[in-house]
Amino acid sequence: VNYDRLELLNRLAAEYVLGTLRGGARRRFVAVQRDNARARRVVLAWQERLHPLALALPAVEPRKQVWTNIETALGFIADKQDDTLSTGKLNWRKIFSWGAGFGISAVAGVLLSLAVLLSNPGLLGLEPKTDGLPASYVGLLTNSEGKAAVLASSRRQGKLLSVKVLAPFVVPAGSVAQLWALPAQGAPFAVGTVPASGKGSIVLNDSAEKLFSNVQRLGVTIEPAAVAQGAPPAALPQAFVLTGHCTKLW
Amino acid sequence: MPTDPKTDQTVPILQALLARTALKDRAAFTQLYEHTAPQLLAVALRIVRRRDRAEDVLQDAFVNVWHHADSYAASLATPMTWLTSITRNKALDLLRHVKTADHANLDDSELALENLPDDRAEPSRLLDAGMAQMHVQQCMASMSAPQRQALALAYFHGLSHSELALQLASPLGTVKAWVRRGLDKLKTCLEARGAV
């Protein structure tokens, strides 16, 4: 590699990180970084050199509103704010959702009757037509390479979560592989521990339906000791070694 | 339990929070914000100079973090470096769009310089700070005054070369040379210390 080009790259990266590279030159250098791993490495080196300077600044506490704005921008609390805005007025959206709710209840009623009939085929003299899987919660966790590592499953109303290790992983001596549920809202909660290989089962405090209906993802961390079921992660959480979606199967 | 994002011990914590944020763990994202937002707001505030704009920058930066936390691991950066880069780039972008041509009010550039090292006066502070911060501060102290001032104004306040020339009442070519030599000196000094 041409020394002059390396020196130029170094100079551009330094002034890019410092902020003195401006206008078209800055935009061009951003484009160069997209395709060029060497440029990204040189930029990273300058970021690690200069950005510790930023830590010398005295911290400034943001106003509470900033976090609310972030949550709103990400759609975490959009509906809440909508409702506040429309207080005191006829809320057509709400009325519509009530109407839709009735519709959904009606459909749910039909489905429930169907479910009762299907699970008790004797009631109408019907015979089961399929050998489909029972209604369950299923989680397939993958490792950092995207390879399926752990399968977790439980009957919808069951209180036993079966765990099968598909690809053994390393659990250091004196540590445990802790399974976590990540709900759509709120903090993750501990479910139980996973064996490093083979099969295992976790007794649930409540039905899978109660515990997992709002859970979108599952994750496994390596912890020094098992965490009580339902408890949140420690203040200093560990990174996930396995993760996957939690899916309803019915 | 907020921790100080300046210390080396917090690196694994922030890495874990970022890894969890990448998986859309909102609780981890909230903790990440609580740990790092005050330090990042300080960065944005120096550059855009108005609290409302700085908070807009912070908001943009964290929305970006939520969407792109999965690219953090590949960046190989330390967590605060990654977060500071996102925040500074947003702040510099905003600075380009709003025409805050008044650079008269830069009195606090001295404040930024005050925060630069004096290891005799504040040994405990340097002990608390991460090693990287200590190295860069001591290397800044080893530069000539104009080099240090040019780098500090560019870094903390986002001044361009021509704005530096105005602010320091010196020819553009001279200012560019201060910046270039200051950067060279910083690199050599940090390498000599076995830092980056």
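## Disulfide

Over all chains, the structure holds one disulfide. The model is a predicted one. The bond joins B:C139 to B:C189, with an S to S distance of 2.0 Å. A disulfide is a covalent bond between the sulfur atoms of two cysteines. The link of B:C139 and B:C189 is left-handed, with -80° about the S-S bond.

B:C139 sits in helix 8 of chain B, residues 131-141. B:C189 sits in helix 11 of chain B, residues 172-192.

## A cysteine in chain A

Is A:C246 buried or exposed? A:C246 has a relative accessible area of 13%. The cut-off for buried is under 20%, so A:C246 counts as buried.

## Sheet of chain A

Chain A has an open sheet of eight strands. Their order is 5-4-7-8-1-2-3-6, and the pairing is antiparallel. Which strands stand at the edges? They are strand 5 (189-194) and strand 6 (199-203) of chain A. Each has a single partner strand, so one side of each is left without a neighbour in the sheet. From one strand to the next, the twist averages 25°.

## Largest pocket

Rolling a probe the size of a water molecule over the atoms shows where empty space is left. The largest pocket has a volume of about 880 Å³. Its lining counts 24 residues. Nearest the centre of the pocket lie A:Q33, A:R40, A:Q47, B:S75 and B:W82.

Which helices supply at least two residues each to the lining of the largest pocket? From chain A come helix 2 (23-35) and helix 3 (37-50). From chain B come helix 3 (51-68), helix 4 (72-75) and helix 5 (79-97). Helix 5 of chain B gives the most, with seven residues. By residue class, the lining of the largest pocket divides into 10 nonpolar, nine polar and five charged.

Methods:
Residues numbered from 1 in each chain as written. Chains lettered and ligands numbered in written order. Predicted model: local features only at pLDDT ≥ 70, side-chain atom pairs only at ≥ 80, totals over all residues. Heavy atoms only, no water. Disulfide = S-S within 2.5 Å. Helix = DSSP H or I, 4+ residues; strand = E, 2+ residues; numbered from the N terminus. Buried < 20%, exposed > 50% of the residue type's maximum accessible area, 1.4 Å probe, protein only. Pairing = 2+ DSSP bridges. Axes fitted to C-alpha atoms, helices over the stretch in contact; angles between N-to-C directions. 1 Å grid on protein atoms, 1.4 Å probe; cavity = no way out; pocket = protein on both sides within 12 Å on 5 of 7 lines; lining within 4 Å. Points joined across faces, edges and corners; volume = space filled by probe spheres on them. Nonpolar A, V, L, I, M, F, W, Y, C, P; charged D, E, K, R; others polar.
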